[in-house]
Structure formats: structure tokens, C-alpha cells
Amino acid sequence: MERRDWLKISALAIPLLALPKTYIGNWINKSIKQINAKDFGEDFLWGAACASYQVEGAWNVDGKGPSVWDTFTHKKGEIHNNDNGDFATDFYNRYAEDIALVKKLNLKVFRFSISWTRIFPDGIGKENEKGIKYYHNVIDECLKQGIEPWITLYHWDLPQKLQDRGGWANRDIIDWFSKYVDFCTKEYGSKVKNWMVMNEPAAFVGLGYMLGYHAPGIKNPYKFLQATHHTCLAMAEGGRIIRNNVDKANVGTTFSCSHIDPYRTGSKDLKAVKRLDALLNRLYIEPSLGLGYPTQELPALKRINRYILEGDLERLEFKFDFIGLQNYFRVVGKKSVFPPYIWAKQIPANKRDVPVNEMNFEVYPEGIYKILKQFSKYDIDNIIITENGVCYKDVLEENSVHDSERIQFFKDYLANVLKAKNEGVPVKGYFIWSLTDNFEWSEGYQPRFGLVHVDFNTQKRTVKDSGYWFRDFLSEN
Ligand code: NOJ
């Protein structure tokens with residue numbers, strides 16, 4: 001090659017090198033060949049997910065008792081716009097219509113959760129016939145429409161009466177939760193085989209007992225550690241109860257997880273990354289795998305030992321049939337004296353010049369590949385992506401929502417899931433968060449994650465372009 005040609009090539013390469021790494025990553029990602037549902041294999045599960053408090057509404061109807069989220073959202077100033085889940089998407093009355101949408105989009109699985117206080121209004125004691133019947137109706141409707149129900153037993157709506165007694169920070173909760181799991185699995189276990197004990201313990205314990213952003217709004221490191229230990233014990237106990245009660249059960253639980261990078265290269269922030277990884281990715285799964293709590297990388301966790309009683313370490317272990325992973329963003333971490341305990345902080349995505357969604361979560365498709373690789377190092381036979389999705393500013397115009405950014409998001413994330421699968425990661429399914437727009441916790445109704453748009457005034461559903469994209473993508477299967 002002539003010198004002149006080299007110069008031309010270098011001139012082209014220089015602007016490319018000047019681009020932030022993530023842009024290059026996204027560009028490479030987009031050039032991944034067109035994905036095809038068939039490439040995931042015939043047995044791969046495709047589903048959509050939701051959760052009781054985020055969709056049901058009917059917060060005090062038919063005998064339901066109040067949950068911590070009813071209490072928290074009814075306090076002024078906790079939630080964006082003072083929104084609450086009193087009506088949500090009215091799934092309580094519209095479940096048949098929504099299950100028909102699951103079917104219409106060619107999805108085979110519907111993941112929803114049971115609201116504990118519909119079954120036991122006070123958390124324990126007397127049960128509520130109408131609430132019990134309601135979930136029979138939802139399950140029967142799924143089965144009638146040929147959709148497989150996947151049930152989460154706990155998606156954050158703890159009975160308020162139990163919170164009044166300390167909630168997850170009170171060790172008695174292991175017993176309270178066990179009774180609830182026992183009841184539900186005996187009641188519905190002949191119809192439902194796929195169960196998830198908990199949804200994202202790191203989120204409900206961390207945000208609810210340490211940072212106070214979520215119900216019950218507590219900010220107390222000791223309560224956080226107590227709640228962590230009791231949650232882990234209850235999760236394993238819940239797994240054992242399901243296995244015992246449900247013939248041919250497929251028992252799982254779900255964890256939030258994020259790939260974590262250091263803010264600065266070199267070794268400066270590597271320790272901070274390890275500490276964040278212990279807190280965000282490892283704390284809740286490792287005890288169930290018999291690895292104990294990751295106290296070595298996060299010494300502040302050692303204080304949890306004071307809550308560990310004899311026999312607990314064995315009780316923490318349970319071999320789940322599948323592990324649900326839920327991935328939304330990448331974390332970038334930096335050494336810091338604030339906040340204490342972990343001596344590390346996260347650098348928000350909007351301070352890093354990277355693509356973000358409506359909630360300022362970084363859109364980083366390679367993250368799902370990297371985190372799948374990370375979790376595949378554990379002794380886990382089956383992984384399911386039990387949640388992945390994105391919120392953008394959707395505009396409803398002439399009965400359509402042209403959410404091309406969301407379609408691109410799914411293409412890019414799915415390409416990375418497939419890449420991991422092709423490299424031997426045992427990932428067996430992918431559930432979209434979410435079927436419909438819904439109540440997004442402290443952010444209220446503003447972020448819209450659905451494949452289906454919901455007008456929260458009229459409750460009218462409109463399938464977004466991304467929903468149709470999924471329908472067509474899956475029709476090849
Ligand atoms: C995970 C939670 O399980 C779900 O409830 C929430 O809406 C999504 N993350 C999006 O933030």
C-alpha cells in the first residue's frame with residue numbers, strides 16, 4: 001500500500017477513535033446480522049411480564065387489605081406527581097383483554113404476581129375468598145387462551161399489617177411468608193407449574209430499607225441488613241415449599257443485575273467496582289448457591305453476622321430450577337467517601353455522555369451479554385431473562401405509537417442475548433418488561449415501558465409499533 005493510501009485510512013480512523021467507546025459499541029452492535037426468533041431455538045420461552053401493584057388497581061376492592069405501597073403512595077411527596085396505584089391499568093377488571101394481547105403478540109408466557117393482601121388482607125390469619133377466586137380467574141383465562149402463567153409470589157407489595165410489625169426486618173416474616181407461599185401453591189399448584197419466589201430482592205430491600213426511595217421508605221443500615229438476611233432465608237424457604245407442594249414444579253426466583261465498569265481506567269476504581277458488584281449483583285444470589293454473603297469484597301456487610309443464627313447458613317441454600325435475571329442498564333462506579341459503608345458511588349448516565357432512556361438508565365446492549373457471561377460462571381442450569389425493556393417518550397398519534405427506538409433496543413439486546421446463548425450460556429427464555437405501560441413505582445406513570453400503550457384516563461390499550469414488531473418477529477417461530 002502506498003503512503004498516500006495509509007494517510008487516507010488514518011484520516012478516516014482518527015474521527016472514529018475520537019468517538020466515545022459506547023457509540024462505537026452501539027454501531028458495531030447494529031451491524032450484527034438481522035436476528036431471527038428461530039435462532040433462539042424452538043424451546044426458547046418468549047413472554048411478557050407485569051406485577052400486581054403496577055397494574056391491578058382496585059386497591060381496596062373485594063376485601064383486599066392495604067399493602068406498603070398503598071400506604072407509601074398515599075403519602076404526599078413520595079411519588080412523582082403524587083401518582084398512586086389505586087387504579088393503575090385496571091388489570092383487576094381487564095385481565096382477559098390483556099391476556100388476549102399477550103396472545104395477539106405471539107408471546108407464549110405471561111408473568112404476573114399475586115398481591116399478598118388479596119389472599120390474606122392482614123398478611124396472616126383469615127383468608128379472603130374473593131381475592132383467592134380472582135387469581136383463579138386470571139390463571140384460568142391464561143389457560144383458556146393457551147398462555148402459560150408464570151407466577152411471582154412477591155413483587156414488593158408487602159401487607160401493611162406486617163410492616164407495622166417490622167416487615168422484612170422482623171425475623172417472624174420467614175414464618176409469615178412461608179404460610180402465604182404454602183397457601184398459594186396448594187391453591188393454584190395443580191394449574192400453575194412455573195413459580196418465582198421473589199422479585200429483585202436487591203431493589204426492594206435496598207431501596208425500601210436503606211435508601212428510602214421505595215416503600216416502606218426506611219433509611220437504616222441495620223434494618224437493611226436484617227431485611228437482607230430474612231429475605232434470603234424466606235426466598236430459600238419459599239423454594240422448598242413450592243417444591244414440596246407442586247408436582248413437577250419449575251421453581252425460580254429473580255435478581256436485578258448490571259454489568260459494572262470502572263469510571264477511570266487503571267486500578268483506581270477497581271475496588272469500588274468489586275464492592276458495587278458484591279452489593280448489586282452478588283449479595284442475594286450467593287447465599288442460595290451455598291456461597292454465603294460476599295463479605296470479603298464488601299467488609300461493611302460483616303455486620304450481617306449478628307443476625308445469623310445457628311443453622312441459617314444451611315437454610316439459606318436452595319437449588320432453584322431456574323434463575324431469573326433482570327437487566328436494565330450498565331453501572332459505572334468510582335471510588336468515593338460518600339456514601340459510606342461501600343466507599344463507592346455510581347456515576348449517573350447523564351453525566352457520562354451515553355445514550356439513555358426516559359429514566360436516565362444507560363442503554364447499553366452489550367451489558368446483557370456481559371452479565372449473562374458473569375452469571376454463567378455460577379453453578380446454574382437454567383437462566384431466564386425475566387425482565388428487560390425500556391421507557392421512552394411515546395407519542396400516541398392517530399391510534400399508533402411509532403416507537404422505533406424501542407424496536408432498536410430490543411433488536412440490540414436480543415442480539416446480545418443470542419450471542420451469549422451461542423457461546424454456551426444456558427439462557428432459556430426472554431420476558432419483555434412490560435406488556436402494557438403501568439405504574440413505575442416512585443416515578444409514577446411517566447415512564448412508559450409497555451409494548452402496549454395505555455391511556456390512563458380512558459384505559460384504552462393501543463399496541464405500539466414495538467408490539468407489532470414482536471408479533472411479526474415471533475410469527476417466524
Ligand atoms: C424491575 C422491576 O421488577 C419492575 O417492577 C420495574 O417496573 C422495572 N424494573 C423497571 O424499572
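1. The crossing of α7 over α9 is right-handed, a crossing being right-handed if the near helix is turned clockwise from the far one by less than a right angle, and left-handed if anticlockwise. Helices here are DSSP runs of H or I with at least four residues, strands are runs of E with at least two, and both are numbered from the N terminus. The model is predicted, with local features requiring pLDDT of at least 70 and side-chain atom pairs pLDDT 80 or more, whereas totals for chains, interfaces and linings use all residues. Residues are numbered from 1 along each chain as its sequence is written, and side-chain values use heavy atoms, without hydrogens and water.

2. Helix α7 (residues 129-144) packs against helix α9 (residues 173-188) at about 50°, and the axes are 11 Å apart. The pair is therefore oblique (angles under 35 degrees are roughly parallel, over 145 roughly antiparallel, 65 to 115 roughly perpendicular, the rest oblique). Axes are lines fitted to C-alpha atoms, for helices over the stretch in contact, and angles between N-to-C directions run from 0 to 180 degrees.

3. From α7, Gly131, Ile132, Tyr135, His136 and Ile139 meet Phe183, Glu187 and Tyr188 of α9, contact meaning heavy atoms within 4.5 Å. By class, 5 of these residues are nonpolar, 2 polar and 1 charged (nonpolar: Ala, Val, Leu, Ile, Met, Phe, Trp, Tyr, Cys and Pro; charged: Asp, Glu, Lys and Arg; polar: the others, Gly among them).

4. Helices α15 (residues 404-422) and α16 (residues 465-475) pack at about 40° with axes 8 Å apart, which means that α15 is oblique to α16. Arg406, Ile407, Phe410, Lys411 and Leu414 of α15 meet Asp465, Ser466, Trp469, Phe470 and Phe473 of α16. This contact has 6 nonpolar, 1 polar and 3 charged residues.

5. Residues surrounding the ligand include Gln54, Asn199, Glu200, Gln326, Tyr328, Glu387, Trp433 and Phe449, each with a heavy atom within 4 Å of the ligand. An oxygen atom of the ligand is 2.6 Å from a side-chain N or O atom of Glu440. The corresponding distance is 2.9 Å for His155 and 2.9 Å for Trp441.

6. Backbone geometry deserves a separate entry. The peptide bond between Trp433 and Ser434 is cis, with omega about 15°, and Ser434 is in the loop between β13 (427-433) and β14 (452-454). Trp433 also belongs to the ligand surroundings. A cis bond likewise joins Ala215 and Pro216, with omega about 5°; Pro216 lies between α10 (201-210) and α11 (221-245), in a loop.

7. Asp62, although not a glycine, has a positive phi of about 55°. Its location is the loop between α3 (52-55) and α4 (68-74).

Key. A polar contact is a pair of N or O atoms within 3.5 Å; within protein, one must be able to donate a hydrogen and the other to accept it, and residues adjacent in sequence count only if both atoms are side-chain atoms.
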